[in-house]
Every structure is written in structure tokens, then in C-alpha cells.
Number of protein chains: 2
Amino acid sequence: MDERTKIVLGESDIPRHWYNVVPDLPAPPPPPLHPATHNPVGPQDLSGLFPPELIAQEMSADRYIDIPDAVLDVYRLWRPTPLYRARRLERALGTPARIYYKYEGGSPAGSHKPNTAVPQAYYNSIAGTERLTTETGAGQWGSSLAFACAQFGLDCEVWMVRASYAQKPHRATLMRTWGAKVHPSPSSLTAAGANVLAVDPDSPGSLGIAISEAVEAAGAAPNTRYALGSVLNHVLLHQTVIGQEALAQFAAAGERAPDLIVGCTGGGSNFAGLFLPFLREKLAGRADPVIRAVEPAACPTFTRGEYTYDFGDAGGLTPLLKMYTLGHDFIPDPVHAGGLRYHGMSPLLSHIYHLGLMEAVAKPQRECFAAAVEFARTEGIVPAPEPAHALAAVIEEARRCAESDTEKVLLTALCGHGHFDMAAYDLYLSGEMTDFELAQDRIDAALTRVPAVD
Amino acid sequence: MDERTKIVLGESDIPRHWYNVVPDLPAPPPPPLHPATHNPVGPQDLSGLFPPELIAQEMSADRYIDIPDAVLDVYRLWRPTPLYRARRLERALGTPARIYYKYEGGSPAGSHKPNTAVPQAYYNSIAGTERLTTETGAGQWGSSLAFACAQFGLDCEVWMVRASYAQKPHRATLMRTWGAKVHPSPSSLTAAGANVLAVDPDSPGSLGIAISEAVEAAGAAPNTRYALGSVLNHVLLHQTVIGQEALAQFAAAGERAPDLIVGCTGGGSNFAGLFLPFLREKLAGRADPVIRAVEPAACPTFTRGEYTYDFGDAGGLTPLLKMYTLGHDFIPDPVHAGGLRYHGMSPLLSHIYHLGLMEAVAKPQRECFAAAVEFARTEGIVPAPEPAHALAAVIEEARRCAESDTEKVLLTALCGHGHFDMAAYDLYLSGEMTDFELAQDRIDAALTRVPAVD
């Protein structure tokens, strides 16, 4: 087998299409419903928010969708991304497992998010959009959209959760470096924000409030649309470049199909991007990987949530989505993996999980940071807190392989670096980081407020 | 010619040796002198500080020095690095110039520094060193050495200039994540630090003080040695992997030799790493690039310094080095390119400059940040403040090419990303960054304190 540390492809190996898993699934995913009528949502219901091409992708039954040349041209700035064999980590663990990680932290924004930010900005630009609005929590998505908008000459306006805005000023500066405007949310620029501030002038904000502000701002101005960084089908679709490249890299390395694929899930797009092309192989009977999602114990959507129709946002403004949810007004404890603090889950991944095609585990954050530090000291790369969850599960499995002397092939998604998360590392290294206990009654209470759908 | 955005090599293309320019130069560089006797320094004078292999490399007359397998194995984590064609920047500038940049920001520490940190840690490990000490200013070097020591099981102890330690806590956390101990300097752990604190308990520290502390700590403990991140011959030697790869990438792209090579210079190792292999081609008559160093106007060593023997540190403890210097106790104004705030210059580059084989310009920092923002919005990557100096000179040249309709080939060293420098970007974007005027009498005064050598 291949002796390389990393498998690198050339620009001509960037996938030419995105992969849509929907036509390959044994049953179609339940449609989103209009919150008032409970009828399935149609393209016209979304036309104020998204450009036509993205709405078509959101509802597409086509297996493959061509990637436009203008998008490929930007992907070339960092794609294909390397597939690493974690030889040093394997040695440190004394495991016979072969551990591979697909690294997305080399993108300009330092994560997988530009994979969808770029096509979203592109399709908006050809549809006459002049300005995109969005929300961001820790800032990974906002900075990625800022970068993408700079590439296509769009204005970008980001509502950033006020608590993060105060704690992570450097992410806001990164967005401004790429030309975006950044507002702490709640802001007085929208009615949604002003209403919150009227009640609580010191509100720390929430992702739900920021979504409401960005959506309102998109509706209120001409040639302005809204962009979302996870959860939706078209976002997951764009991320499938990751898994398609990984498949080619496994072939180039002469490695067999992975026995286990592990990734962290918040909205679900990063892990879906890696595993959906492998799920295609599994559904076609050409491989049989276990697919394991890792979520924070403080926000255990798959492992302790309910599969039901719920709102995508805290304020209850979005269509109803059939998904694993902890209740749309569930507020997760402040774990440092901000990208995993979402009450719901991608409806597509929820469907796949419900079909029994994948499994899930939940991890407390100190175990994840311990894994991240072990990874950094062996492999060099300092991971973001989100993929640290996946690494905790990988290291757990690799140790099991050592105990049972089993030669498994493990693949994980290292979706971003942790250069903007050093305050969290400092807390961990100084012994001051806490895990959170999540009492069942908090989940139960939030679930009672999920709307009833027949 | 090649249509690619980036030229990527495989692991088998990592250079197998470092290139030593000394035997190819028309005259040998003047030797370092013992500060007391003014006699040339011999290997025995350095044996307390460095392991035998590094001392041999420091004084070597061999053209090529093999890279050990253990070092290559770590280089594989991020090498070869990509060579980019800056197509988007070219379009934005409307220039007929073809702009290439060699990007070193994909290393674990985010800069070129691990290229030498790794072999330094390795050679120490095989010489029985158990602990390495060093100083760091902004933290690029300290974090790179921390990473390298983690790879070879060495303890790492870093004295970080107190002002930076307070302003840039995240760099110290990065070092600790890789297992290093970090002390703000001046510290009470050394006599050198304690002496400073006795006079001024609130001393902000300086690189000179931090060097004294790290050197003293290395001498005081068993199996402990010291490591330096720039200036010395063996450091420049290790960086030549950059230029050797770039030569191979130019050939792979079917591109002619560059007409101009541009890089920033503080101690000189990053730019030397890129251009020395091209200088070999120039000296052999196979190419004729202009080689242009860019330094901060606040620390204009080449352009306003004197070529003379001077101390490498502020305290006057090191051997005397023949170099361009502003005087060993010259304190540059606090420009954000911390890596370029050094009073002296690599003796080897100083010699090459004195021979007329390269030229230099100085740039004020706002012009550099303007260039960095223009680069980020077109090419995506947010540069560190140091290579922003090189980009300012590249953009200046590309605009000249546009005016004169000249199709030049430009190559520059993008030696690191700016993810840890967002406070400086914030200052620039908010319009609050200042340039500094450097009065000639400050240089003249510092130069009067340079020791007289016959």
C-alpha cells in the first residue's frame, strides 16, 4: 500500500459535478411544509430568499448537478484538498487501525464552508442579486460568505450573534478584510432586532434572532437575497466535492473502502459532504462503511432529540422541517464548538439516520479537546472545536482496534483549523473547561413547544 | 503555457537536500568574530549552544547537504507547498505581468518557520538534547519550534517578549497546545531577566532581553540547548527547500525564469529560502532575475543601515557579525510586522547585497496593509503583515508593467497567513493605523555605539 503521508490530487481532479443522494435513497425524504397551511413548500415560497438555481437544486431529483466553470475557478484556490494518513497519531496510539483525515482547513476561510459559499454567491450574482445577507454564530459561515461575495462582486452583510461578536472580534475583522459589513445582533437595523432590544437592551443575541434579522433585511431591500450555511439540501449538495475527492484519493492510495466514517454534525453539511458519496457506494453494494455522526453532549440532536416537524429557527419563521430536533427554542449550553450548537439537524441527514443508514454518538467537550491536543502534538494541525468531536470518536475507535488487534480503516472529516479558537484551548489547557450535564426535563420542555403536524 | 491556478507537487518531489550558496559566491562571506578577541569564531565557540551537525552546517562549504529521512517525514505534513499564479490579482490590476506566489502558510504553524524548526529539533534530538530554549517576538518562531519539539519528544521553553505576550495571548496558547512552556520576558527565571525587572518591574521586554534569557537558560541546565529562527547560515540553508520547489514548479508550469523575485526581509531567512536557488541559476548564467528585498520603512536595515561588524543582540552577548545594521541597540517603532523588526540582517544576505547581487526597497506599513487587503479580496488568502511588504512591492511592479505594457514574470514569497494578526487588520480597516517617520539622527545615534573592529 501507499507510503505517502498525504494524497494530493491535481486541479484537473476537482469533481465536475455535485452528487445528490436523494434519487439513490430507498425512500424520498419528507418535504418541508408551509407553517400556516402544512402543505409542502413549493419553489415560489422560496423565491424571495434564494435565486432560481439554488431553489431548483434544493428540490432536485437529479443524481448529478454540473459545477459551473466560474465556481470551479474559485475552488481551484484551495481544491482538491489533501487526504492525510495520520501515521504519527497511529504510532502514538499503538493502533493497527489505519486513520485517514480529509482536511478542509486550507481554504481561505479555514473550513469547509466556502465549498457552498462560493456557488451560493455565484448563482446569486447571475440572478441579479447585488447584496447577500446572512447570520453567523462563531463566524465560520459569515467569513466564508464574505470571501465568496468578494469573488463575485456582491455586497455582503452579516448579523453576528452579539455574544460571539464581543468574544471573537477577530472573526468579524476577517469578514471586514474581505469587504463585508458586520452587525452585532440584535441590532437596531431591523424590526426583529429592535423588538428584542426594546425588551432587553443588553440581549446577548442568538442564532435564531440573527436569522430573523438577516431574513428581514433581505426582504426589505431591492436585489438582496439571503444565504444559509448548512441544513438545507443545496448546501449539503455543494459539500459533496469533499467525499468525491476522498473516494478518488482512496483509489489513488490503493486503500480499501473505509470500515468506519466519522464526522461532527451541527447542521450536518460538513459530514454529509464527506460521507454522501460513500453512502452512494454503500447503497450500490460496493462498500459497507459504518457511518457515525458525533454531536456535542450539550446538543444531542440525533441521540436524544425527536424525529418530527419543527421550525428551523428559534422564532418560528421558517418552513416546518421533518428532522431530529431538541425543540426550536432549545438553547444549548455554551460549548466552544459553536458550529454544533443547533437545535435541529439537516432534514436529509435526519431521513438517512431514520432509515438506519447511519448512527450517532454524543461527546462531552473535554474529551474532544483532549483528542484535539493529542492530534495537534502528533499530526501538527490544531483542529477547530467542531472536528475535535470527530477526532474524539476516531481515537476511541482506534484504541478499541488496539485492544482487539483489529486492522480497521477509519476516515474522518477534519473540517477546519482552530486558529480562531485559541481562547477555548487556553481554557482547556488551564484546566478551567467544564462539561455540561443536560437534564432530560430541558429537552422535554422544549419538545412540548414543537408544533403539532398531522 | 499552463492554465492552472496552482502548481502542486507530490511528496516524492520534496527536495532531498538543502542548497548552500556559499561555494557558488564570487567571494566568501566575512566570518563572525569573537567579541573579545575579534578572531574568527570556531566550532568550539558555539558548542554550548548548538549541536554538532548544526555547527557544521553553519560553517559548511558544501554546495548540498542531505536532508535526513526523519526530517523529510515531518516535512511531508505540509510540503511541497503550492506555487500559485495570482490570476485574480492580475485581472484586478489589469496587468500583463504574470504574478506567482509561493505559499508557506499551510504549515502547522502557518509560516515558513517550521522548515528550520524541524531540522533544528531533529539534530538536537540525535545529539542528546532534551530541552530547547528560544525567544520569540510576535510568536511565529516560538510556535514553530514548539511544534517541531513535539515531533521529536523534546521539551521546549520559550521566552516571549512581554508586550507581545500581553497583546497576542493566542500565540502563546498555540505554543502550549503543542506542549511548550511559555514565559513572558523579562522573567524572574534568569539573572538577565531578574536584573531588568529589578530596575523596571513593568518592563515591556525586547527581543534582545528575551535572547539573553533563552541563552542563559540553555547554558544553566543539563542537556539543554538554544535555537534561533533566522539570521544564521544554517537557518537560511534549511529554508532553501522553498526555492528548490519553486524552480521545479516553474519548470512544471512551462514558465520562463522570473524577471523579478520579491520578498520581505527581517532576519532574511524567508526570502533567502526562496531566492538562493534562483541565485544559483543566476550565478551559473542560466537566468537573470532581479532580486528585491522589501523591508519596513520603520526598520530599513539594507536601505539606510551600515555594512559593518555589530552584535546580533541588543545586549551585545553574541559574536560580532558583518552585516547591514541600524545599530544593535536601535529599537524600531512598533510596526505590526513583528518579524521584520530586527536591527540587523543575515550576514549571508548582507554579503550578497554588498556584492550587488540583490537590491532593496523600504515600505511604510499602510501601503503594505492596503496591498494585503487587495490581495485578500482577490486571491482569498489573508497574508501576515510581513509578506504584505513583499505584496506591496509586487503590486507596485505589476502596475508599472500595466503602464508600460510589459509582460514581466514576477515571483514572491507569501511566507505566512495573517490569522493571528487580525488586530492589526482591524486597526488598518478602521483608519487608525499610522506610518512612522524614522529620523536619521536615531539611526546615526545607534550607529555610534557599534563596536570598532579593525
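Student: How far apart are the end C-alpha atoms of residues 77-416 of chain A?
Tutor: The model is a predicted one. An unreviewed UniProt entry annotates residues 77-416 of chain A as "domain: Tryptophan synthase beta chain-like PALP". The span is 45% helix and 19% strand, and its end C-alpha atoms are separated by 16 Å.

Student: Is A:Ala86 buried or exposed?
Tutor: A:Ala86 sits in the loop between strand E4 (83-85) and helix H4 (87-93) of chain A. Beyond its neighbours within four places in sequence, A:Ala86 has contacts with A:Ile99, A:Tyr101 and A:Glu379. The cut-off for burial is under 20% relative accessible area. Because its relative accessibility is 0%, A:Ala86 is buried.

Student: What distance separates the C-alpha atoms of A:Ala86 and A:Pro31?
Tutor: Along the chain, A:Ala86 and A:Pro31 are 55 residues apart.

Student: Where does UniProt place the feature "modified residue: N6-(pyridoxal phosphate)lysine"?
Tutor: The residue lies in the loop between strand E5 (98-103) and helix H5 (114-126) of chain A. The feature comes from an unreviewed entry, which puts it at A:Lys113.

Student: Is A:Lys113 buried or exposed, and which residues is it in contact with?
Tutor: The relative accessibility of A:Lys113 is 13%, so A:Lys113 counts as buried. Leaving aside neighbours within four places in sequence, the residues in contact with A:Lys113 are A:Gln140, A:Trp141, A:Ser144, A:Gly229, A:Ser230, A:Gln239 and A:Ser269.

Student: What is the phi of A:Val231, and is the residue buried or exposed?
Tutor: A:Val231 is in the loop between strand E9 (224-226) and helix H11 (233-239) of chain A. Most residues other than glycine have a negative phi. A:Val231 is not a glycine, yet its phi is positive, about 70 degrees. With a relative accessible area of 8%, A:Val231 is buried.

Student: How does B:His38 count in terms of accessibility, and what is its phi?
Tutor: B:His38 belongs to the loop between strand E2 (17-19) and helix H1 (43-46) of chain B. Its relative accessibility is 28%, so B:His38 counts as partly exposed. Although B:His38 is not a glycine, its phi is positive, at about 60 degrees.

Student: Which peptide bond in chain A is cis, with omega near 10 degrees?
Tutor: Most peptide bonds are trans. A:Pro186 is placed in the loop between strand E8 (181-185) and helix H9 (191-199) of chain A. The cis bond, with omega near 10 degrees, runs from A:Ser185 to A:Pro186.

Student: What is omega for the bond that joins B:Ser185 and B:Pro186?
Tutor: B:Pro186 is found in the loop between strand E8 (181-185) and helix H9 (191-199) of chain B. The bond joining B:Ser185 and B:Pro186 is cis, and its omega is about 10 degrees.

Student: How many residues of helix H15 of chain B are buried?
Tutor: Helix H15 (residues 347-354) of chain B is mostly covered. What covers its buried residues includes helix H11 (233-239), helix H13 (269-283) and strand E12 (306-311) of chain B, among others. The buried residues are B:Pro347, B:Leu348, B:Leu349, B:Ser350, B:His351, B:Ile352 and B:Tyr353.

Student: What is found at the start of H15(B), and which residue with positive phi follows the helix?
Tutor: At the start of H15(B), a side-chain oxygen of B:Ser346 comes to within 3.2 Å of the backbone nitrogen of B:Leu348. After H15(B) comes a residue with a positive phi, near 80 degrees: B:Gly356.

Student: What area do chain B and chain A bury between them?
Tutor: Chain B gives 41 residues to the contact, and chain A gives 41 residues. Of the buried area, 56% is on carbon and sulfur atoms. The area is about 3,500 Å².

Student: How many salt bridges and polar residue pairs cross the interface, and how do the residues of the chain B side divide?
Tutor: The interface of chain B and chain A has 2 salt bridges, including one between the side chains of B:Lys6 and A:Glu11 at 3.8 Å, N to O. There are 26 residue pairs in polar contact across the interface. Helices H3 (69-75) and H6 (140-152) of chain B are among those that each supply at least two residues of the side touching chain A. That side of chain B divides into 20 nonpolar, 10 polar and 11 charged residues.

Definitions and conventions
Residues are numbered from 1 along each chain as its sequence is written. Chains are lettered from A and ligands numbered from 1 in the order in which they are written. Side-chain values use heavy atoms; hydrogens and water are left out. UniProt positions are given in the numbering used here, feature names are shortened, and annotations may be inferred rather than shown by experiment. Helices (H or I, at least four residues) and strands (E, at least two) are DSSP runs, numbered from the N terminus. Buried means under 20% relative accessible area, exposed over 50%, partly exposed in between (1.4 Å probe, protein chains only). Contact means heavy atoms within 4.5 Å. Buried area is the accessible area (1.4 Å probe) that two parts lose on being put together, summed over both. A salt bridge is a side-chain nitrogen of Lys or Arg within 4 Å of a carboxyl oxygen of Asp or Glu. A polar contact is a pair of N or O atoms within 3.5 Å; within protein, one must be able to donate a hydrogen and the other to accept it, and residues adjacent in sequence count only if both atoms are side-chain atoms. Ala, Val, Leu, Ile, Met, Phe, Trp, Tyr, Cys and Pro count as nonpolar, Asp, Glu, Lys and Arg as charged, and the others, Gly among them, as polar.
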